[in-house]
Amino acid sequence: MEFTKVRELSEPSYNKVKDILPGKSGYNLYMRVVSKTVLIDIQRLDKTRVAIADFIVGDETGVIKMRLRNENYIDMIEEGQTIIARNCKIPVVNGHMRMIVDAFGKIETSKDRKVTEVANDKDLSAAQYDNISMKTGQKNFGGKSGYNDGSSIHTYGTGFY
């Protein structure tokens, strides 16, 4: 019986918050937890726990809102910690970017690298995004002529979440 060689695992490359694009996935980031807000934390009749929390996380290039639904991650993460988020998704929810880490991603606390400075004034979740028409691929800038008066940021997103 002959075995095929499995390729070697490479070191992950890490991004900065400023490099995040809406509707994309596969981001690996070192971030500091700025704030934690538990939205739901209940125990069902069958003794299982449901927990959902919003976090503001970021680095020296900006911040973004992150929502977690895994009670293990919610209990592990505290304000002021540096975390490593792997394989993050960035869906557009109600026109705003939000970071999620699902079953294919991982979050752990960083032991060797600390993020000390966070740029709170550069909030990527505050920007408003429009959807792309999936049939034509045209950007929808909300107007007949496509004129943008600069009152809000218009760019691309998916709108699937």
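D54 is buried, at a relative accessible area of 12%; buried means under 20%, exposed over 50% and partly exposed in between, with a 1.4 Å probe and protein chains only. The model is predicted, so local features need pLDDT of at least 70 and side-chain atom pairs count only at pLDDT 80 or more, while totals for chains, interfaces and linings use all residues. Residues are numbered from 1 along each chain as its sequence is written, and side-chain values use heavy atoms, with hydrogens and water left out.

D54 sits in strand β2, residues 49-59. Strands (E, at least two residues) and helices (H or I, at least four) are DSSP runs numbered from the N terminus. The D54 side chain makes a polar contact with the side chain of R67 at 2.8 Å. Such a contact is a pair of N or O atoms within 3.5 Å; within protein, one must be able to donate a hydrogen and the other to accept it, and residues adjacent in sequence count only if both atoms are side-chain atoms. Beyond four places in sequence, D54 touches S35, K36, T37, L39, K65, M66 and R67, where contact means heavy atoms within 4.5 Å.

L39, one of these neighbours, belongs to strand β1, residues 25-43. L39 is partly exposed, with a relative accessible area of 43%.

Strand β1 has two antiparallel partners to describe. β1 and β2 are joined by 10 bridges, and Q43 stands opposite R49. Their hairpin has five residues between the strands, and K47 takes a positive phi near 70°. β1 also pairs with strand β4, residues 82-89, over six bridges. There, S25 stands opposite K89.Salt bridges number eight in the structure. Each is a side-chain nitrogen of Lys or Arg within 4 Å of a carboxyl oxygen of Asp or Glu. R49 forms one with D41, the closest N and O atoms being 2.8 Å apart. R49 is partly exposed at 29% relative accessibility, and D41 is partly exposed at 46%. R49 also meets D75 in a salt bridge, at 2.7 Å from N to O. This pair links distant parts of the chain: R49 lies in strand β2 and D75 in helix α1, residues 71-76, 26 residues apart. D75 is partly exposed, with a relative accessible area of 44%.

A further salt bridge pairs E108 with K106, the closest N and O atoms being 3.6 Å apart. Salt bridges that share partners join D41, R49 and D75 into one network.

Technical notes:
Two strands pair if DSSP finds at least two bridges between them.
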